[in-house]
Amino acid sequence: MRMIKYMFLAYKTLAFNLLRGCCSFSKTRPLLKSSTSKMTVHGPWNQLPNDIGSSIFELLDLEDRLRFDLVCKQWRSNIKRTPQLLWLMLPYDRNSQYLSFFDMCEGKIRKFNLPGSAQGGWFSGCSKGWLFLVTGMDVDDLRIFLFDPISRSQIPLPPLSTISSFKHSFTARHPGWNPAACIINGVEISSSDASQCIVVVKFSINNRILALCRPQDERWTIVEGLLGDEYYYGNFSFFDGDLYACILSSDEENNNQDPCFQTHSITLGSQRVNLKLISSTPPPTNSIFAADADESILYYKDSFRWPYLVESNGQLLVVTQIYDRIMDLDDSDSDSDNGNDNGDRTSLFMYFQAATFQVKKIQTIGDTLHTTVVTDVGNQSLFVGAGDCLAVKTCDKLDKNCIYFLHDMDYSLHKQDYPLISREAGVYYLEDGSIQRCLPSITTQNHCLYMHWFSPNIKSRVLG
């Protein structure tokens with residue numbers, strides 16, 4: 001009865017309080033009268049029980065949630081108790097004046113206008129409610145900053161020109177690509193409070209180095225020399241205050257090695273960051289599964305692997321996506337007299353397709369890495385791919401105990417006349433290993449029109 005009573009009173013005056021944005025109420029307006037005409041007095045609105053406030057908050061749309069956040073500190077605390085929002089950032093055109101997102105739980109498109117200073121830029125990734133935006137086309141006028149599409153806050157970062165290899169990377173561009181897309185292929189920040197966060201990026205040209213900075217820094221700090229020539233950085237994420245990074249090997253001789261773990265300390269001014277390197281994903285076996293009669297079309301099993309780091313219920317998971325590959329070879333290049341075999345024939349077409357996933361829980365004890373296979377994530381859905389990698393509690397429109405994956409691949413890097421972008425996306429069900437592909441592939445002339453998972457930061461509206 002107490003629950004019903006509070007819910008009735010809350011909904012009756014909720015719109016009034018949200019629009020007013022008041023800080024607190026010492027008493028509410030009497031809503032009921034007894035038969036003896038005595039006034040019924042209810043408790044202050046800023047003392048609304050947390051369970052009632054959370055129930056109300058979950059039923060509000062985004063606009064009312066933002067107003068809810070402005071009422072008082074007590075109401076604002078309910079945001080931490082509600083499920084995490086998850087959007088899909090749709091491909092962005094540089095000539096557009098707005099950003100579009102698909103709300104996965106509410107099933108609607110949301111559009112946010114871009115300020116003039118952010119228009120014409122290129123989004124190279126996102127993390128914890130912030131987009132990584134680069135504007136400018138030349139070395140001298142290139143600007144890089146964090147951008148929040150809800151509050152429209154912009155936080156400048158040090159110029160890329162402070163990175164020693166920047167000019168070389170900038171000139172090594174691909175035809176039709178935005179310059180930033182040629183340089184950066186991974187972004188992560190340590191906190192949704194961007195004014196105090198640490199920003200980490202990795203690069204396309206040299207994938208054996210990392211760059212770190214804080215918004216107030218004048219230059220980037222480069223981390224290099226930690227990996228051998230056969231290793232490179234994969235996905236990375238902050239967990240329990242430390243920076244974890246997956247490292248992968250291109251050497252098939254490392255295929256049967258046990259998982260390894262290293263810790264390095266990085267200095268950022270007066271601040272120190274622990275970088276923990278995880279090597280738990282062996283190279284693919286890349287075995288031929290099928291071929292046509294003349295072996296002009298080959299089908300490879302386990303041809304490519306990519307790990308993602310996901311925090312789930314206070315634990316760190318490594319979610320590895322395993323791809324198969326199909327290749328169409330050009331017979332005209334085959335010359336048996338010269339000793340050429342299938343490996344020397346030109347590939348007319350190549351396509352990677354997600355085949356399965358492996359989920360492992362990792363635990364570090366000293367310098368030892370322990371992994372445990374996970375076959376069930378309960379009422380959660382894991383989201384992996386470009387952007388935020390998250391574990392989200394199931395809403396009505398999301399399936400549970402599954403992995404939503406999103407991977408856009410630009411095949412023109414391998415051959416100019418390939419379809420430029422192919423989207424490999426869908427839902428993988430942990431219970432039976434089946435895959436449902438529910439997001440369409442695309443072919444476009446505009447390079448790097450990728451999609452990203454994005455978790456908006458509602459409180460940034462207040463902070464901004």
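Biologist: Over which ring does the charged end of Arg 325 sit?

Modeller: A charge sits over a ring if NZ of Lys or CZ of Arg is within 6 Å of the ring centre and within 35 degrees of the ring normal. Here the ring is that of Tyr 300, with the charged end of Arg 325 placed 4.3 Å from its centre. The model is predicted, so local features need pLDDT of at least 70 and side-chain atom pairs pLDDT 80 or more, while totals for chains, interfaces and linings use all residues. Residues are numbered from 1 along each chain as its sequence is written, and side-chain values use heavy atoms, without hydrogens and water.

Biologist: How many aromatic pairs does a search of the whole structure find?

Modeller: Rings of Phe, Tyr and Trp (its six-membered ring) pair if their centres lie within 6.5 Å; planes under 30 degrees apart count as stacked, over 60 as edge-to-face and the rest as tilted. The search finds 13. Among them, Phe 239 and Tyr 244 have ring centres 5.9 Å apart and planes at 70°, so this pair is edge-to-face. For Phe 357 and Phe 405, the centres are 5.3 Å apart and the planes are at 45°, so that pair is tilted.

Biologist: Is Phe 405 buried or exposed?

Modeller: Buried means under 20% relative accessible area, exposed over 50%, partly exposed in between (1.4 Å probe, protein chains only). Phe 405 is buried at 0%, and Phe 357 is buried at 6%.

Biologist: Which residues do ring pairs link into a cluster?

Modeller: The cluster consists of Trp 87, Phe 101, Phe 112 and Phe 454.
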